Amino acid sequence: MDFGETAVKASAFSYFRAATIDQALDAHARAGDDARFIAGGQSLVPALSLRLQAPRLLIDITHIAELRGVRREGACLRIGALTRHCEMLSEPLIAEFAPLLHAAAPFVAHPAIRNRGTFGGSVALADPASEFPAMTLALDAEIEIAGASGRRRVKADEFFFDLFETALQPGELITAIYVPLFKADQRFAFDELARRRGDYALVGCGMLATFTSDRIDDIRISFFSVGNRPMRAKAAEAALIGFGLDAEHIAAAQAALEDDLAPPENDEVPPAMRLHLARVLLGRLLGRLGEGA
Amino acid sequence: MRGFDETLLDEADETVRVRFVVNGRKVACEVAPRETLVDCLRDKLELTGTHAGCEMGACGACLVQIDGRAVHSCLMFAVQADGARIDTIEGLTESGAIADLQAEFHRRNALQCGFCTPGMLVNACELLSQVARPSREQIRDALSGNYCRCTGYEAIVDAIDAVAKARSAGGAR
């Protein structure tokens with residue numbers, strides 16, 4: 001098949017549909033790691049079409065039953081890696097026990113993308129402008145990884161290294177993400193600022209806080225589209241813990257963002273503008289949290 | 001543990017046989033693994049109602065239904081759809097499932113060149129199957145991944161809005 005010079009078509013690869021995790025890992029190893037796992041493919045297929053990537057082998061993991069399903073496991077919700085973005089909206093267990101993910105899901109791309117894209121795939125790609133990777137930080141989630149040496153679990157805080165760089169080693173696969181169950185004394189908030197709905201956010205933020213009456217006992221604030229990876233706002237968190245959400249402490253948290261975020265140089269959105277937008281968004285979300293959001 | 005065929009790695013340029021149910025009919029065809037579903041539908045099955053626009057998931061012209069859900073056929077390789085039920089604009093048209101949407105698009109000039117229209121209709125079909133009476137904002141949000149370079153969208157939103165109202169006034173379809 002001749003696609004010509006200007007067409008946007010993937011280079012040739014072989015395709016293998018794995019039935020089990022072991023089969024998928026085995027195939028990856030046998031291809032000399034010149035392979036890619038494909039699940040929803042909503043980021044990978046464009047990358048292949050644009051020939052940013054050209055693996056010898058594509059390993060389809062979408063038929064592996066073990067990677068599916070959402071269920072309670074002890075104090076956590078186990079969200080299978082193949083859980084599609086649209087299921088974050090439709091699955092009752094997500095709405096009840098991981099409502100921050102439910103709130104973030106409508107902001108993830110467009111409806112047809114959400115019908116295919118998977119939670120595990122989004123976290124594995126670790127696009128710094130994506131909603132879900134950042135939310136695993138706010139949720140203090142754990143990422144379960146399968147590889148040649150067995151299974152391991154990595155805290156979200158220790159998963160995201162740099163631009164598209166994570167704790168995943170070549171040939172490793174995310175199997176599930178474990179999210180602590182949402183509790184009655186917790187509140188959450190999520191929003192993002194984008195030029196158009198469905199576009200990548202200029203700045204986005206999600207947060208999860210534990211309260212005693214109106215005092216914050218603990219809070220985790222996570223931003224996306226602010227740097228090379230999703231980022232916790234630890235200085236802002238520290239400015240809030242032990243206090244109520246009054247104007248003074250919200251302003252202190254906004255001021256502290258300077259220590260948390262270092263937005264990169266960008267022609268369209270200069271760092272100062274992005275930091276400003278992050279402060280605006282933080283103020284709005286903390287305001288909602290104060291109202292019991 | 002086993003299941004991986006070593007010779008597979010040498011067969012990247014060879015075709016593999018896939019089977020789908022396309023618009024209610026069982027179909028088998030030979031595809032290269034790198035062939036996208038939209039190319040397979042258009043070139044192999046001659047279902048050219050599905051349009052290939054940006055080929056990177058941005059424009060929405062290539063939307064089809066896979067197992068009843070709208071997806072971009074440019075963001076899938078045909079091999080991934082092996083065993084799936086696929087409904088294209090041709091099938092949705094033949095079944096009459098979107099006849100009211102099509103009539104309303106026509107009546108309100110919700111298309112000019114028509115390139116985006118199949119994707120718009122697949123998207124609208126899914127929206128109305130999930131939300132009986134979407135607000136105009138919900139309609140716009142649902143269409144956010146479908147580009148139209150002719151109409152300015154207003155007539156498209158009008159048409160979908162009108163069909164939603166007519167359907168709910170007429171009871172369950």
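In chain A, the axes of helix H10 (residues 247-260) and helix H11 (residues 271-290) come within 9 Å and cross at roughly 150 degrees. An angle over 145 degrees counts as roughly antiparallel, and H10(A) and H11(A) are therefore roughly antiparallel to each other. This is a predicted model.

**Helix pairs**

- H10(A) passes H11(A) in a right-handed crossing.
- The crossing of H3(B) and H4(B) is right-handed.

**Chain B as a whole**

- Chain B contains 6 helices and 5 strands.
- Along the sequence, their order is β-β-α-β-β-β-α-α-α-α-α.
- The C-alpha trace of chain B spans about 60 × 35 × 30 Å along its principal axes.
- Chain B has 173 residues, and 53% of them count as buried.

**Salt bridges**

- Side chains of opposite charge can pair when their charged atoms come close.
- How many salt bridges are there over all chains? The count comes to 33.
- In chain A, A:Asp217 forms a salt bridge with A:Arg215, at 2.8 Å from N to O. A:Asp217 is partly exposed, at 31% relative accessible area. A:Arg215 is partly exposed too, at 39%.
- In chain B, the side chains of B:Arg17 and B:Glu30 meet in a salt bridge, with 3.1 Å from N to O. B:Arg17 lies in strand E1 (residues 16-22) and B:Glu30 in strand E2 (residues 25-31) of chain B, so the pair ties together parts that are 13 residues apart in sequence.
- Are these two side chains buried or exposed, or in between? B:Arg17 is partly exposed, with a relative accessible area of 46%. B:Glu30 is partly exposed as well, at 34%.
- B:Arg136 and B:Glu154 also form a salt bridge, their closest N and O atoms being 2.9 Å apart. This pair links distant parts of the chain: B:Arg136 is in helix H5 (residues 136-142) of chain B, and B:Glu154 is in helix H6 (residues 154-169) of chain B, 18 residues apart.
- B:Arg136 is partly exposed, at 32% relative accessible area. For B:Glu154, also partly exposed, the value is 39%.
- Salt bridges with shared partners join a set of chain A residues into one network. Its members are A:Asp140, A:Glu142, A:Arg153, A:Lys155, A:Asp157, A:Arg220, A:Arg232 and A:Glu237.

**A nonpolar surface patch**

- A:Leu50, A:Leu52 and B:Met56 form a nonpolar patch on the surface. Together they have about 300 Å² of accessible area.
- Where is A:Leu50? A:Leu50 sits in the loop between helix H2 (44-49) and strand E3 (57-60) of chain A.
- A:Leu50 has a relative accessible area of 40%, so this residue is partly exposed. Patch members need over 30%.

**A buried loop residue**

- A:Ala31 is found in the loop between helix H1 (21-30) and strand E2 (35-38) of chain A.
- Its relative accessible area is 3%, so A:Ala31 is buried. The cut-off for buried is under 20%.
- A:Ala31 and A:Ala256 are 225 residues apart in sequence. In space they are 48 Å apart, C-alpha to C-alpha.

**Positive phi in chain B**

- Most residues other than glycine have a negative phi.
- B:Asp67 has a positive phi, near 45 degrees, and is not a glycine. B:Asp67 lies in the loop between strand E3 (63-66) and strand E4 (69-72) of chain B. At 48% relative accessibility, B:Asp67 is partly exposed.
- B:Tyr153 is not a glycine but has a positive phi of about 75 degrees. B:Tyr153 belongs to the loop between H5 and H6 of chain B. With a relative accessible area of 21%, B:Tyr153 counts as partly exposed.

Notes
Residues numbered from 1 in each chain as written. Chains lettered and ligands numbered in written order. Predicted model: local features only at pLDDT ≥ 70, side-chain atom pairs only at ≥ 80, totals over all residues. Heavy atoms only, no water. Salt bridge = Lys/Arg side-chain N within 4 Å of Asp/Glu carboxyl O. Buried < 20%, exposed > 50% of the residue type's maximum accessible area, 1.4 Å probe, protein only. Helix = DSSP H or I, 4+ residues; strand = E, 2+ residues; numbered from the N terminus. Patch = residues over 30% accessible without salt bridge, like charges linked within 9 Å, V, L, I, M, F, W, Y side chains within 5 Å. Areas by Shrake-Rupley, 256 points an atom, 1.4 Å probe, with all protein chains shown as cover. Axes fitted to C-alpha atoms, helices over the stretch in contact; angles between N-to-C directions. Parallel < 35°, antiparallel > 145°, perpendicular 65-115°, else oblique. Left-handed = near helix turned anticlockwise from the far one by under 90°.
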